[in-house]
Amino acid sequence: MKVNRKYGWLIICFFILLITIIIDITFGLIFIPHDSNSFRIYHPYYHHDLKANVNTMTTWDNVNEYTFITNSLGFRDSINRSVDTTTNKYRFLIIGDSHTEGVGVEYQQTFSGYFAKSLKRGKYDVLN
């Protein structure tokens, strides 16, 4: 059976993609630690979420040790605190990647920490 060159390359690319996906999933299941004590938890829509009410010491790149604290809603915070879902305060919700979270540094050194410190206490609330 003779296969058109155009479709031959398409089939090869499809199998390379398929093999790459299988290898990625396999390595993810085998080599990525699934630590039940981790403060990062699985989320079906956006990769991972943070556990609520965490207060622990952790490291980034096994070098920088820092305190990691979350509030009752699972947002990174300066202290463990209970956050009501309704409030009269203006709320700033800061969501993003590891830079937004401030991986590797204390909360006070993150963008959210600096932003929260610059606002009037009691009138505004910052959730990272």
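Modeller: Welcome! In this predicted model, local features need pLDDT of at least 70, side-chain atom pairs count only at pLDDT 80 or more, and totals for chains, interfaces and linings use all residues. Residues are numbered from 1 along each chain as its sequence is written, and side-chain values use heavy atoms, leaving out hydrogens and water.

Biologist: Thanks! Why is Ile-23 called partly exposed?

Modeller: Buried means under 20% relative accessible area and exposed over 50%, with partly exposed in between (1.4 Å probe, protein chains only). Ile-23 has 43% relative accessibility, so Ile-23 counts as partly exposed. You will find Ile-23 in helix H1, residues 5–31; a helix here is a DSSP run of H or I with at least four residues, and a strand is a run of E with at least two, numbered from the N terminus.

Biologist: What makes the rings of Phe-92 and Phe-115 a pair, and of which kind?

Modeller: Rings of Phe, Tyr and Trp (its six-membered ring) pair if their centres lie within 6.5 Å; planes under 30 degrees apart are stacked, over 60 edge-to-face, and the rest tilted. By this rule there are six aromatic pairs. For Phe-92 and Phe-115 the centres are 5.0 Å apart and the planes at 85 degrees, so this pair is edge-to-face. Phe-92 lies in strand S5 and Phe-115 in helix H3, so the pair ties together parts 23 residues apart in sequence.

Biologist: Why is the pair of Phe-92 and Tyr-124 called tilted?

Modeller: Their centres are 5.9 Å apart and their planes at 40 degrees, so the pair is tilted.
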